Amino acid sequence: MKQPLLKHLVEITAHREHSRLAISVISALYQLTEVQAIRMLDIFTLRDEYFVQEKMVIRDGAVHTIAELTSDDPKEPLSAYPAMQACIRNHLNEFHETTSAGEHVLWLPVWLHGKMNSCLEIRSQKPFAPTMLDVIHGIFHVYCNYQSLLDYSERDALTGLFNRKTFDEQFTRYAFAIAPHEAHSLDHDERRHESNDEPKGHWLGVVDIDHFKQVNDRYGHLYGDEVLILVANILRASFRAHDRIFRFGGEEFVILLRSTTLTDARKIFDRFRQNVQEYDFPQVGKVTVSLGFVNIARETPVVILGHADQALYHAKKSGRNRICYYQELVNSGVLRSDITTNDTVEFF
């Protein structure tokens, strides 16, 4: 046991990305114990309600992420998980239960900054023996400690989203994951869409909160910070678990939207815009956002960010509270694709 355990600990601490770290941890727990299945569940709030989202699962020896299991991103209310409710209510570090079918379930919440942001669900046909619990607790505590270190360096302190520093690595992973047929133009999209076979690609969206300076000037920075936190919560709820969301600073956010069609990307981005528009922000009232997005082709981050920012600028100039697609603006003659991005580089 000692040698395999050390091998798994070395592998766990070799990762610098949260999803890979989580996969490594649940794989280690599965291989070192005799459990039937392990799930990693994320928790987020929207309109003061808690929701649960399955991030990954391992059963029958295979790990599956949400992206592999479904193209949708199903969310369930926390009320569907009484054990997790009990953990939050009583600030528990673990919870044991036995199902009506006789299955034993161990719940291990992950607490960050005093809040439960995820939870491990471990299922076993047999009761958890003391030696098995020692292994589970040891690996889980290593995971929590290491995740805290990653979180400190990768996350924005106010919103909990990824910070600007982590964007380059995440962007590179997205850009180089694109298959050649996925780097397409709008014209290609339209031809494929006519044949009901629209291709999938990756997308980058840049978000700006409309008139945010007025919020700070009128209500103060405390309420301004609350708006940023609430917009971050709406972002989490509006996008899928395998998408990536960043706060670039101030009121600017960037989204990496993975593996979807142009039609669906437009719908997803606009759903987020509508979610913000319909939300009642305390004291401030109504807030809106503008968004520009672009297809991630094989270009540098500076160029792609510049194109998305041009689309965002047009959305702001055209009345705000709207989304604009860069290639569509170029094809219609509103923007020129050869416009210099020097100003945009400075902006970002």
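Guide: Start with two helices: α8 (residues 212-219) and α9 (residues 221-238) have axes that come within 7 Å and cross at roughly 140°. Helices here are DSSP runs of H or I with at least four residues, strands are runs of E with at least two, and both are numbered from the N terminus. This is a predicted model, where local features need pLDDT of at least 70, side-chain atom pairs count only at pLDDT 80 or more, and totals for chains, interfaces and linings use all residues. Residues are numbered from 1 along each chain as its sequence is written, and side-chain values use heavy atoms, with hydrogens and water left out.

Visitor: Why are α8 and α9 called oblique to each other?

Guide: Axes are lines fitted to C-alpha atoms, for helices over the stretch in contact, and angles run from 0 to 180 degrees between N-to-C directions. Under 35 degrees counts as roughly parallel, over 145 as roughly antiparallel, 65 to 115 as roughly perpendicular, and the rest as oblique. The crossing angle is roughly 140°, and α8 and α9 are therefore oblique.

Visitor: Which residues make the contact between α8 and α9?

Guide: F212, V215, N216 and Y219 of α8 meet H221, Y223, G224, V227 and L228 of α9. Contact means heavy atoms within 4.5 Å.

Visitor: What makes α2 roughly antiparallel to α5?

Guide: Helix α2 (residues 18-32) and helix α5 (residues 130-154) pack at an angle of about 175°, with their axes 11 Å apart. That angle makes α2 roughly antiparallel to α5. On the α2 side the residues in contact include L21, V25 and L29, and on the α5 side they include I139, Y143 and L150.

Visitor: How many helices and strands does the protein have?

Guide: There are 13 helices and 13 strands. Of the contacts with a separation of 6 or more, 63% are between residues 24 or more positions apart.

Visitor: How many aromatic pairs does the structure hold?

Guide: It holds 12 aromatic pairs. Rings of Phe, Tyr and Trp (its six-membered ring) pair if their centres lie within 6.5 Å; planes under 30 degrees apart count as stacked, over 60 as edge-to-face and the rest as tilted.

Visitor: Why is the pair of Y81 and W107 called edge-to-face?

Guide: The ring centres of Y81 and W107 are 6.2 Å apart and the planes stand at 85°, so the pair is edge-to-face.

Visitor: What makes F167 and F248 an edge-to-face pair?

Guide: Their ring centres are 5.3 Å apart and their planes are at 75°, so F167 and F248 are edge-to-face. F167 belongs to helix α6 (residues 167-176) and F248 to strand β10 (residues 244-249), 81 residues apart.

Visitor: How do you know whether F167 and F248 are buried or exposed?

Guide: Buried means under 20% relative accessible area, exposed over 50%, and partly exposed in between (1.4 Å probe, protein chains only). F167 has a relative accessible area of 0% and is buried. F248, at 14%, also counts as buried.

Visitor: What lies over the face of F162?

Guide: R155 does, at 4.1 Å from the ring centre. A charge sits over a ring if NZ of Lys or CZ of Arg is within 6 Å of the ring centre and within 35 degrees of the ring normal.

Visitor: Why does Q283 count as exposed?

Guide: Its relative accessibility is 54%, so Q283 counts as exposed. Q283 lies in the loop between α10 (262-278) and β12 (289-295). Phi of Q283 is near 70°, a positive value in a residue other than glycine. Most residues other than glycine have a negative phi.

Visitor: Why does H242 count as buried?

Guide: H242 has 11% relative accessibility and so counts as buried. H242 is found in the loop between α9 and β10.
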